[in-house]
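Have the viewer open and follow along.

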Amino acid sequence: MKMLLQHEVGDAIEQFLLIKSSTKGTASNGKPFLSLILQDQSGEIEAKLWDVSDEDEKTYAAQKIVKIQGEIQNYRGRNQLKIRQIRPAVPDDRVKLSDFLQTAPIGIDEMTGKITQYIFDMKNPSIQRITRHLLKKYEKAFFEYPAATKNHHEFVSGLSFHVVSMLDLAKAIANLYPSLDQDLLYAGVILHDLGKVMELSGPISTTYTVEGNLLGHISIMVNEIGKAADELNISGEEILVLQHLVLSHHGKAEWGSPKPPMIKEAEILHYIDNIDAKMNMLDRALERVKPGEFSDRIFALDNRSFYKPTFHK
């Protein structure tokens, strides 16, 4: 059976899907409808469920599995699923949540081993101890959570996969530019988004927590670095610099950064983060189109469509 994103416009589908999100709206005729984001392991698609009742709103809520008959249509340049029939899954269907979740392309054991080695390679004991302490404190969530609710690495283990990719990029850049402090760069990569394990609700139907909405992952992690230093009886400029790397990794105030990068490694951390996030967006958008076609518009990349050259495999 084809996966969801392997279908083309005009294809009829009949398969089980997971409701990632369900949002109630009101149509121009005054009747309520649900905007559903449906997913399987290949990705997600939007669908509308019209003329819904209060009971439908409960039945077709986020994290519910449904069986759908419908067809793929194109609406304003984006694929949508037109629902013909829909019903909730029942025990006899023998489907489970994990059947529909996208996961990182490499396993947790491999990612754990790589990150452990990067921490082991650190020479500065204060930076190494703080990084190891915080990763151990939030290890389970770190290897399960996505890196975001949308745009990039928004899948199970997306956060740790984002960090592993960034660490490999950081190593290559540090080898090219030996004046960079490798320990500081590695620690910044590992810690910069670790606050997302408190900012976000978890790996399934991810939303923002109260702490996430009120503080955000940047403020959360700056506080965590300070607490870790106190608990480990560590003092020195390393603490301040690590906090600055986290505070400045979004680059600019309009991108959510309380401070701009003012340390060389902070500037490079921002670029590494940006490169890996954008490459993930581009790869996922372009894997859905054939050579010679344009992708859907990518909102986080200035709403641009990207062309896939015909000589790409």
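## Pockets

A pocket here is an open set of points on a 1 Å grid over the protein atoms alone, where a 1.4 Å probe fits and there is protein on both sides within 12 Å along at least five of seven lines. Keep in mind that this is a predicted model.

By that definition, the second largest pocket comes out at about 700 Å³. It has 24 lining residues, and those closest to its centre are Asn 151, His 152, His 250, Trp 255 and Met 281. Helix H11 gives the largest share of this lining, six residues, and helix H7 (196-199) also supplies at least two. By type, the lining of the second largest pocket splits into nine nonpolar, eight polar and seven charged residues.

The largest pocket has a volume of about 1,600 Å³. Of its 48 lining residues, Glu 44, Ile 45, Arg 78, Arg 288 and Asp 296 sit closest to the centre. Strand S3 (43-50) is one of the elements that supply at least two lining residues each, alongside strand S1 (12-26), strand S4 (65-75), strand S5 and helix H11 (264-286). The largest share is from S3, with five residues. The tally for the lining of the largest pocket is 15 nonpolar, 17 polar and 16 charged.

## Nonpolar cores

Which residues touch the most other members of the largest nonpolar core? Four isoleucines do: Ile 115, Ile 130, Ile 190 and Ile 225, in a core of 55 residues. Helix H5 (residues 158-176) is the top contributor, with eight residues. There's also a second, separate core of 17 residues, with Leu 4, Ala 47, Ile 72 and Ile 83 among them.

Zoom in on Ile 115 and, leaving out residues up to four places away in sequence, you'll find it touching Leu 135, Phe 142, Phe 143, Ser 160, Val 163, Val 164, Leu 167 and Ile 190.

## Helix H6

Ile 190 also turns up among the buried residues of H6. This helix (residues 182-191) is mostly covered, with nine of its 10 residues buried. Other buried residues of H6 include Asp 183, Leu 184, Tyr 186 and Gly 188.

## A buried histidine

His 153 is in the loop between helix H4 (139-142) and H5. Is His 153 buried or exposed? Its relative accessibility is 1%, so His 153 counts as buried.

The side chain of His 153 makes a polar contact with the side chain of Asp 276, at 3.3 Å. Beyond four places away in sequence, His 153 touches Pro 146, Ala 147, Ala 148, Gly 158, Phe 161, His 162, Asp 276, Ala 277, Asn 280 and Arg 284.

## Two positive phi angles

Most residues other than glycine have a negative phi. Arg 94 isn't a glycine, yet its phi is positive, about 55 degrees. Arg 94 is in the loop between strand S5 (78-88) and helix H2 (108-120), and it is exposed at 77% relative accessible area.

Asn 233 is another non-glycine with a positive phi of about 55 degrees. Asn 233 is in the loop between helix H9 (216-231) and helix H10 (237-248). Asn 233 has a relative accessible area of 70%, so it counts as exposed.

Notes:
Residues numbered from 1 in each chain as written. Predicted model: local features only at pLDDT ≥ 70, side-chain atom pairs only at ≥ 80, totals over all residues. Heavy atoms only, no water. Core = buried A, V, L, I, M, F, W, Y, C linked by side-chain atoms within 4.5 Å. Buried < 20%, exposed > 50% of the residue type's maximum accessible area, 1.4 Å probe, protein only. Helix = DSSP H or I, 4+ residues; strand = E, 2+ residues; numbered from the N terminus. Contact = heavy atoms within 4.5 Å. 1 Å grid on protein atoms, 1.4 Å probe; cavity = no way out; pocket = protein on both sides within 12 Å on 5 of 7 lines; lining within 4 Å. Points joined across faces, edges and corners; volume = space filled by probe spheres on them. Nonpolar A, V, L, I, M, F, W, Y, C, P; charged D, E, K, R; others polar. Polar contact = N/O pair within 3.5 Å; in protein donor to acceptor, adjacent residues only side chain to side chain.
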